[in-house]
Amino acid sequence: RLNSGGTKLVPMEIRRGTLDGPFLKEVIEPCAKSALFTAICPLSKGSVDRKEHYEFVLRFFAYADNYQGFEKEVGLFLSEYLELRNGNADPTVCAANRQEFDQVLDFVKQHFPNGFRRSAKHKSVPRIRFEAIAVGVALALRIKPDLLPADVSPWLESDEFMKHTRSDASNSKPKVVNRIQFVRDKLLGRPVEYHAN
């Protein structure tokens, strides 16, 4: 779509036009079109039309690789990450990226009763909830690849997790770090390592 058509492009649509490249084509796009991803992380048709599923996948990789390096502007952080990866898209690394994403999806399907959704009745998944779970799972699996967690329901349904992932939770660095590390540490069965505000 062109901006002259009356519909403003969202950042991911702009990135697909200005930052197109091998990482976008070889990693982001196939992951975003994964049948399992679509099944356990449903989005509205409008969100899919605006390439929101691409944005979810980009957020996953950007935060999984460098969430500690995030400062304050999400859009810039994502665009810089995509530009960097497009410029250094080694095929072997891209294959490993796709494999890790698939492993995270398989783990979520197996251990999270509603996938990324808050409950079976919810029809879509907020960005913040997705990134907390997906990146937290990835980090936990990097530490313990054979992880078999205890029942996730008690902490997944807790007020504390809801506070970390509510719709008005900001994208300040402490909040991004804390929601990701909350999931990572709960899965690993250890005390949560919080970032000081």
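Leaving aside neighbours within four places in sequence, leucine 187 is in contact with Phe107, Phe112, Gly136, Val137, Ala140, Leu147, Pro149, Val152 and Trp155. The structure is a predicted model, and leucine 187 belongs to its largest nonpolar core, where it is one of the residues that touch the most other members.

**The chain as a whole**

- The protein chain has eleven helices and zero strands, and, read along the sequence, its pattern is therefore written α-α-α-α-α-α-α-α-α-α-α, each element being a helix as DSSP assigns it.
- Of the 197 residues in the protein chain, 48% count as buried, while the accessible surface comes to about 10,100 Å², with 51% of that area belonging to carbon and sulfur atoms.
- When contacts in the protein chain between residues at least 6 apart in sequence are considered, 69% of them join residues that are at least 24 apart.

**The largest nonpolar core**

- This core holds 58 residues, and those that touch the most other members are Phe60, Phe61, Phe112, Phe116, Phe130 and Leu187.
- The elements that give two or more residues to the core are H2 (22-32), H3 (35-40), H5 (52-66), H6 (74-86), H7 (91-111), H8 (127-143), H9 (153-156) and H11 (173-188).
- Among the contributing elements, H8 provides the largest share of the core, namely ten residues.
- As a general background, nonpolar side chains in soluble globular proteins tend to be buried together.

**A buried arginine**

- Arginine 59 lies in helix H5, and it counts as buried because its relative accessibility is 5%, which falls under the 20% cut-off.
- Leaving aside neighbours within four places in sequence, arginine 59 is in contact with Ala64, Val74, Leu78, Arg127 and Glu131.

**Cysteines and disulfides**

- A disulfide is a covalent bond between the sulfur atoms of two cysteines, and the structure holds zero disulfides.
- Cysteine 31 is in no disulfide, and the nearest cysteine sulfur, that of cysteine 94, is 9.7 Å away, whereas a pair of cysteine sulfur atoms has to be within 2.5 Å to be counted as a disulfide.
- Cysteine 31 is buried, with a relative accessible area of 3%, and cysteine 41 is likewise buried, with a relative accessible area of 3%.

Technical notes. Residues are numbered from 1 along each chain as its sequence is written. This is a predicted model: local features need pLDDT of at least 70, side-chain atom pairs count only at pLDDT 80 or more; totals for chains, interfaces and linings use all residues. Side-chain values use heavy atoms; hydrogens and water are left out. A nonpolar core is a set of buried Ala, Val, Leu, Ile, Met, Phe, Trp, Tyr and Cys residues joined through side-chain atoms within 4.5 Å. Buried means under 20% relative accessible area, exposed over 50%, partly exposed in between (1.4 Å probe, protein chains only). Helices (H or I, at least four residues) and strands (E, at least two) are DSSP runs, numbered from the N terminus. Contact means heavy atoms within 4.5 Å. Accessible areas come from the Shrake-Rupley method with a 1.4 Å probe; for residues, only the protein chains shown count as cover.
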